[in-house]
Amino acid sequence: MLFMIFPKSNFVKMSRTAYLNLTILLVSAVFFFGTSVSAFQKIGIVDSVGKAIIPCEYHRIEKLSNGFFFLEKMDKSHPMKYSYDGTIVDQDGKPISIKLPANCTLSNVYLPRSTNSNENTGKLPSGTIMEIHSTRGFGLCGLNGEIILEPEFEAITDPCEEFFPISKGNRLERTTLLFILNSKTGERFDAPADAWIHNPGKGNPIRFKTMRGGRTFCGYMTPFGRVVISPSFSDAEEFSDDGLALVSRTGGCREFINKNGLSVSPKYEQATQFFENLAIVGIKEKDIVLYGLINEKFELILQPKFHQMQRLSKNLYAAQKVADGPWEAINSSGESLFSFPAGITHIFPQQNAITCITRNLPTAKAKYIFLDYTGNVLSSNENSRPVNFEFGLAARQVGSEWELIDKEERVTKIPNASYLKILSSERILKYAQDNRFNAAIWRNPNPVGFGPCMNRIEHFNALLKEFNLIGMPRTQLEQLLGPTENPRNGASFYWISTGVCGHSWTGIEIEFDHEKVSRWRESRKSGENLYSTSWVTTNMLLNPNPKVIERAESDPVLPLIPKPTSL
């Protein structure tokens, strides 16, 4: 399952962390939905009939309150990097006038949570704080451009109330707290040593992490940096409204603590936060973890007898009585309400439906079955993303195309979309994929740190489509791909993909005759074995629809077809 956690504070926005989570979710969709991730995305906004409100030419768009949107421009040097140069527009795409300090750009906006509405006033609400960026770093300013924090710091984390954590380090990875800033008074509070915060949550106390003896520990502090629960947990979640937090100690067991840091529950193998006064817990019995329900007094109200259990909605759970067996829907008393279709591998509870996925490996064709919350089948199809209605609309993918559908099943096709996210009944976030070859992305395909792997396969295919590799002058090749990355056997060499640990990789060797490309071939390492394909001497493309067969280890990774003369 994939979960996204969005920040909650007295300011309303989607943080870069949450935006990065959404991007990772799109990348993760490759596994579940069989889509291709290549090149880069441009983002815009359309209305319910597909009319462009904001053109698809931005790196990031965030929906703010009061009908405003924050737009971050594309970085000129690398389209996948953050530019930290943004603007604010209203719901019709009209720019909102703002004042910024000299030589600064707008990198983020924090609107007071008390103004969380969709009313378009045309003016940013009082109390709005703007994050600014300069060549020296990040800072904060007010609506009139008055500086609250000089733009000279490496990272600013989402605030809890008026308190902003100020940090050093890579803001897209792990940072270390320097101090906590009171944005109203300018007062700075010392932060715990070597601590960092990813998301303050609702705060008071705030979770933080620190390193000790090469291991990560979690603790809690006040919004102004005073430690109230020492970092002694291997994992910790934020405190709920009832004053309880779910934590793990070394050894992996989970338990609930109060705001004094005292354990108030038994230890569980697994546990979830409370919802409607109930929580799912896993208890080990004879080396098997079985799941049941507890109330807020930590009393078992449903004995642990299920091998898997997942909350769907109020008083509705999906559960498996037998390991890898059929799923059924039960209530908190354990009564069976309905059975799920056979062969279900994933269950996604959504606003108006339950999406069930079956997957027929190794062909990887997924079948989607949509149920209402009483178990009735709404629809069923293959190789189409789950449909979830929000604000009376749903976005769905049919083949490679995206469309909007309303509850009367009226369909609006949205051309050139690679993803749609519904923001309101009349505003839809549109992602448009740019598949053109981009030299900056080729040279740095992983600028925001999605793990250690490299994958240039789609970029290489874009190169083959847009250019004739055979006959290309060496100077042009190096302008596009850069200098050879690892000369082999007298040929130029470029990495195409690498595994997580670097033990397996795929690359291309390129040879020249009279300073022009004469031939190239795939070179690959798998484990301890090296493989090379036959030399390619004519212009080719990657086959977009290779036959699904069991591939031998020595078979090429790059399936080729002749390049049409029309390209």
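**Figure 1. Phe-153 and Phe-179 are both buried in this predicted model.** Phe-153 belongs to strand S9 (residues 147–153) and Phe-179 to strand S12 (residues 175–182), so their pairing ties together parts that are 26 residues apart in sequence. If you enjoy looking for such pairs, a search of the whole structure finds 20 of them, all aromatic.

**Figure 2. Phe-437 and Trp-442 form a tilted aromatic pair.** Their ring centres are 6.2 Å apart and their planes meet at 45°, so the pair counts as tilted. Are these two residues buried or exposed? Phe-437 is buried, with a relative accessible area of 13%. Trp-442 is buried too, and its relative accessible area is 0%.

**Figure 3. Glu-72 is a buried residue in strand S4.** The strand covers residues 69–74. Glu-72 counts as buried because its relative accessibility is 0%. Which residue does the side chain of Glu-72 join through a polar contact of 2.8 Å? The partner is Arg-60, again through its side chain. Leaving aside residues up to four places away in sequence, Glu-72 also touches Tyr-58, His-59, Tyr-82, Ser-83, Tyr-84, Asp-85 and Gly-86, along with Arg-60 itself.

**Figure 4. Tyr-82, Tyr-84 and Phe-138 make up one aromatic cluster.**

**Figure 5. Two arginines are each placed over an aromatic ring.** Arg-212 lies over the face of Phe-217, at 4.1 Å from the ring centre. In the other example, the charged end of Arg-519 sits over the ring of Trp-535, 4.1 Å from its centre.

**Figure 6. Thr-533 sits in a loop between two strands.** The loop runs between strand S42 (529–532) and strand S43 (540–542). How does Thr-533 count in terms of accessibility, and what is its value? Thr-533 counts as partly exposed because its relative accessibility is 23%, and a residue must be under 20% to be called buried. Not counting residues up to four places away in sequence, Thr-533 touches Arg-521, Glu-522 and Pro-556. For another point of reference, look for Ser-554: this residue is 21 residues from Thr-533 along the chain, and the C-alpha atoms of the two are separated by 8.8 Å.

Technical notes
Residues numbered from 1 in each chain as written. Predicted model: local features only at pLDDT ≥ 70, side-chain atom pairs only at ≥ 80, totals over all residues. Heavy atoms only, no water. Helix = DSSP H or I, 4+ residues; strand = E, 2+ residues; numbered from the N terminus. Buried < 20%, exposed > 50% of the residue type's maximum accessible area, 1.4 Å probe, protein only. Polar contact = N/O pair within 3.5 Å; in protein donor to acceptor, adjacent residues only side chain to side chain. Contact = heavy atoms within 4.5 Å. Phe/Tyr/Trp six-rings, centres within 6.5 Å; stacked < 30°, edge-to-face > 60°. Lys NZ or Arg CZ within 6 Å of the ring centre and 35° of its normal.
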